[in-house]
Amino acid sequence: MGRRGAGSGSAAAMPGAAERGSELSEQIEAFAARLRRGGERPRSEDTARQTLSLLRKIVGNGRWSRAGELMDLIRTEGQRMTAAQPSETTVGNMVRRVLKVIREEYGRLHGRSEESDQQESLHKLLTSGGLSEDFRTPYPSLRANVIEAINEMLIELEGTTDNIAMQALEHIHSNEVIMTIGYSRTVEAFLKEAARKRKFQVIVAECAPFCQGHEMAVRLSKENIETTVMSDAAIFAVMSRVNKVIIGTKTILANGALIAVSGTHTLALAAKHHSTPLIVCAPMFKLSPQFPNEEDSFHKFVSPQEVLPFTEGEILAKINVHCPVFDYVPPELITLFISNIGGNAPSYIYRLMSELYHPDDYEL
Amino acid sequence: SEENYLIETFRAQLRDDPDVASAVAAIRALLGFLKQDRGETIQGLRSSLRDAIDTLSRVDSSVAVSSGGELFLRFISLTSLEYSDYSKCKEIMIERGEIFLAKVSLSRNKIAKLCHPFIRDGARILTHAYSRVVLRVLEAAVESKKRFSVYVTESQPDEAGQKMAKALRKLNIPVTVILDAAVGYIMEKVDLVLVGAEGVVESGGIINKIGTNQIAVCAKAQNKPFYVVAESFKFVRLFPLNQQDVPDRFKYKADTLKTGQNLTEEHPWIDYTSPSLITLLFTDLGVLTPSAVSDELIKLYL
């Protein structure tokens, strides 16, 4: 619909574009509202995929002509989406990835070599002649190139769980006792893949108060893996008999630390005490360039109903009840990160980060 | 003579602007030296610059001057690789040198911006001796309306801690000066340790005023984060494995070294803190873990 008729081409194009623009804006609003509401545990991969699709729509249909304008547009929308639910760091990560893609594509079209657009380094400090990029030159093929790159990222996203699971046989050996906590789909795939060729036992900590560990145990036992469920309080007691601890995580921070489900720090400390290796299975899109600092924006508290039900009416007035969802695990407790690009030590995370994101984008 | 002119420029810089880092003053003096150099070849220029750097080290033997000098030499080599014509080369060098100096003057502000979010409201901070970068970070934290208190070690033998305390009181920050020996006692009360550095070595460790290593060991024992703030021109190409490995020319003041007496009777002015004790380094290149420091140095020197 729209006024099509004699008149300048741009006038005819405007109403259609404006409608697409408002539809897009509605979709972003709906996405942000869904994030804000929380509710069921969204799968990180799904959140990442939805974010990328939205960003692709913005690149495709948004009103912009220069790279600089596109980056500002993406940054604004990105800020809106991350503000809705700061604990969903995958949203921010995808926005930063797209910004880096735009910089790279612009650089390639502009004819610059890959090296010169690197982050701050002593080398760059000494050899650069002048000011930084201003992204002002318009390139008509930029739109198509960026959309192509985002499509590649979506394809990469599909394969992350399989890439991680493929490495399972190197790390799990026969007759081992593996411990895990809660329910992580990545760890589930990892263990299932290893179970096809090896025989081992799994102990699952139930991870109160939501007890997702029960679901994990049911799924693993369907694959004929010998599984035991135990309460979180028994973690330390059982740890001496465990060979490896394999866990998933919500976020990997820039210093190699984790934001994982509540109870993981206890597990990590128990593993450290017994010198048991702690392996974290997480895809690269969970790596966030933020450091754990004052903001503490990664914390999420949900209804304390799970801890102390509302039926306990009388005492509720006299006490404070909290139900935090996440835990911070410092990098010294972690042995290895297994991601879709291979295994890495926590001290190497800074390097992976510099490949995925540009330092100017760390602060959205 | 040229030598005296160089020393005078250097000393004048430090006198006129007490806030300037000694490495920056050294680089500025060397740039001035470059401008009035009469040589015709790169080799000649490099050898006269080496002599100039030696001269400056004889005035101020700190690690910072040495790292600033190394950086300047590296800067010359990199530029000379790009341009073969000497006069064009020299022009570019002078231009880039000015740009570099302009950039490093902003580095303290960059670091302050990166570091102050790590200071929570109500934090108790322990710092050591007198560091202008730490002062700038705390100033930025005050500007962002945070309330915190600071413990400063007295830092003998020159009582640099008193100087730091005075500067902090001017910013209306509650400050307590403690004995160097009281660090182990006070550590349970502090939330984080924040120190500057005179030099950052290849392993990611730091060289700083004597006493820093002790503080780092105490902080590790009590699980307190140990943060270091340093500008990127302080990165040096040293890899000490222990305290003995740090060269004597950094440990003692230039005047003491000149007298040539037996150094075993002298007290060193600096010590080496190993990277395993450091949590994070805040530099103008970003927030770095100690393992990332060697990466930066490799990028520059290789």
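In this predicted model, Tyr348(A) has a relative accessibility of 33% and therefore counts as partly exposed, since that category lies between the 20% limit for buried residues and the 50% limit for exposed ones. Tyr350(A), by contrast, is buried, with a relative accessible area of 17%. The ring centres of Tyr348(A) and Tyr350(A) lie 6.4 Å apart and their planes meet at 70°, so the pair is classed as edge-to-face, the label used for planes over 60 degrees apart.

A search of the whole structure, over all chains, finds six aromatic pairs. Among them is the pair of Tyr106(A) and Tyr139(A), whose ring centres are 5.7 Å apart and whose planes stand at 70°, so that this pair too is edge-to-face. Because Tyr106(A) belongs to helix α4 (residues 89-110) of chain A, while Tyr139(A) sits in the loop between α5 (122-127) and α6 (142-158) of chain A, the pair ties together parts that are 33 residues apart in sequence. Tyr106(A) itself is buried, with a relative accessible area of 0%.

Aromatic residues of both chains also come together, for Phe291(A), Phe118(B), Tyr227(B) and Phe282(B) form one aromatic cluster. Within this group, Tyr227(B) is placed in strand β7 (residues 226-229) of chain B, and its relative accessibility of 10% means that it counts as buried. Leaving aside residues up to four places away in sequence, Tyr227(B) touches its cluster partners Phe118(B) and Phe282(B), and its other contacts include Leu192(B), Val193(B), Leu194(B) and Val195(B), as well as Thr279(B) and Leu280(B). The C-alpha atom of Tyr227(B) is separated by 23 Å from that of Val65(B), a residue 162 positions away along the chain.

Turning to chain B as a whole, one finds 13 helices and ten strands. For its 302 residues a compact globule would have a radius of gyration near 19 Å, and the value of 20 Å for chain B agrees with this expectation; along the principal axes, its C-alpha trace spans about 60 × 45 × 35 Å. Buried residues make up 54% of the chain, and of the contacts in chain B with a separation of 6 or more, 74% are between residues 24 or more positions apart. Chain B exposes about 13,600 Å², of which carbon and sulfur atoms supply 51%.

Note on methods:
Residues are numbered from 1 along each chain as its sequence is written. Chains are lettered from A and ligands numbered from 1 in the order in which they are written. This is a predicted model: local features need pLDDT of at least 70, side-chain atom pairs count only at pLDDT 80 or more; totals for chains, interfaces and linings use all residues. Side-chain values use heavy atoms; hydrogens and water are left out. Helices (H or I, at least four residues) and strands (E, at least two) are DSSP runs, numbered from the N terminus. The radius of gyration is taken over C-alpha atoms; the globule rule is 2.2 Å times the number of residues to the power 0.38. Buried means under 20% relative accessible area, exposed over 50%, partly exposed in between (1.4 Å probe, protein chains only). Contact means heavy atoms within 4.5 Å. Accessible areas come from the Shrake-Rupley method with a 1.4 Å probe; for residues, only the protein chains shown count as cover. Rings of Phe, Tyr and Trp (its six-membered ring) pair if their centres lie within 6.5 Å; planes under 30 degrees apart count as stacked, over 60 as edge-to-face and the rest as tilted.
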